[in-house]
Amino acid sequence: MIKEFEPKWIAWETTRRCNLSCVHCRSSSEMVVNEHPDFSTEEGYRIIDDITGYAKPVVVLSGGEPLLRKDLFDLAQYGTDKGLRMCIATNGMLVTEEICTKMNASGIKMVSLSLDGSTEETHDDFRKQKGAFAGVTNAAKLFNKHGIKFLINSSFTKRNQEEIPKVYKLAKKLGATAWYMFMIVPTGRGEDIMNELISKEDYEELLDWHYQMEKEEQDLLVRPTCAPHYYRVVLQKQKEEGEKFERRSLSFSTGGSKGCIAGQVICLIDVDENVLPCSYFPKSAGNLKEQSFKDIWENSELFHEMRDFKKYKGRCGSCEYVNVCGGCRARAYAVTGDYLDEEPFCGYIPYKIRKKTSSQ
């Protein structure tokens, strides 16, 4: 195993079923799925054995809504017993006192909650379900009561981008350990909101806001997610200001010093056992029914190409920040059909291109 590309974090889609119909859902989840049922408990154990025979990453049990699986905590307990740091990603609506007790008993280390607005009106509109906001706030209250650490993921498009500072403040108020600002990747149901994606110009302003906020934040771990060019912004700002600030880290975070890490240190295993570069990249590197996780991770042509920055095209291929940014490979794939193409929502012009243009 090459240390630079050691698998450190795996999202595991344990079910397609979900009690919500969110506008941005990457897997287009729905409540009843008849054609492709969830994998069995025994198959889940086999997947965990396969992973732990090779690595010991953080594993996030996701969906759909993972709490719809009756055996979810059996899978969590099995992973914990195998030495994995098990986490859960939930929309919060199914969290109860009993669920919290099971989380603690099965060794869950962290839970991620989704919160896309600072008010009931905004969040429920995004999640297409009345009561979704109340579900998140109630879950946070229960987690605090039971001593369960949780982070908050917030996804943004034009419809709720003005809410970003307010959502950040609410995440702190709710007692979250971390807040992740997700910039939408148009895949799955999210393809329908292509015209709602935040513009390049606003994107850059939001990353600048995040930089200033992160410098002042003392208690909460904050990360812009699916926004790899933030790491270019950080270096630019620090050079301008002539100083660096120490960025906080979390043992269950996917990083903090590099942008797109899809297929490099993270991946997604979907409910059909396909291994994908990340949760928003609908192209399989291999299937665990046919290959071992180790074989896919080390030998997949898709992963090899994504790890080779020399193959990147357009502005990303010429950019002096490619090693810390890399551009969002999933967004490039969604917008252009080529995952090696340039990041379509970055407005930065690399030095090489500016120099060439000025000399003409």
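The accessible surface of the protein is about 15900 Å², and carbon and sulfur atoms contribute 48% of that area; accessible areas come from the Shrake-Rupley method with a 1.4 Å probe, and for residues only the protein chains shown count as cover. This is a predicted model, in which local features need pLDDT of at least 70 and side-chain atom pairs count only at pLDDT 80 or more, while totals for chains, interfaces and linings use all residues. Residues are numbered from 1 along each chain as its sequence is written, and side-chain values use heavy atoms, without hydrogens and water.

**Whole protein**

The secondary structure consists of 13 helices and 9 strands; helices (H or I, at least four residues) and strands (E, at least two) are DSSP runs, numbered from the N terminus. Some overall values are listed below.

| Property | Value |
|---|---|
| Span of the C-alpha trace along its principal axes | about 65 × 45 × 40 Å |
| Buried share of the 360 residues | 58% |
| Share of contacts with a separation of 6 or more that join residues 24 or more positions apart | 72% |

Buried means under 20% relative accessible area, exposed over 50%, and partly exposed in between (1.4 Å probe, protein chains only). A contact means heavy atoms within 4.5 Å. For 360 residues, a compact globule would have a radius of gyration near 21 Å, and the 20 Å of the protein agrees with this. The radius is taken over C-alpha atoms, and the globule rule is 2.2 Å times the number of residues to the power 0.38.

**Helix α6**

Helix α6 covers residues 164-174, and its buried residues are Ile 164, Val 167, Tyr 168, Leu 170, Ala 171 and Leu 174. Viewed down the axis of α6, these buried residues fall within an arc of 165 degrees, so they line one face of the helix. The arc is that of the directions from the helix axis to the C-beta atoms. The buried residues of α6 pack against α5 (132-146), β5 (150-156), β6 (178-183), α7 (200-216) and β7 (221-225). Lys 166, Lys 169 and Lys 173 are exposed on the other side of α6. Just after the helix, Gly 175 has a positive phi of about 95 degrees.

**Leu 61**

Leu 61 lies in strand β2 (residues 58-62). Is Leu 61 buried or exposed? Leu 61 is buried, with a relative accessible area of 0%. Leaving aside residues up to four places away in sequence, Leu 61 touches Trp 12, Thr 14, Pro 66, Leu 72, Ala 76, Met 86, Cys 87, Ile 88 and Ala 89.
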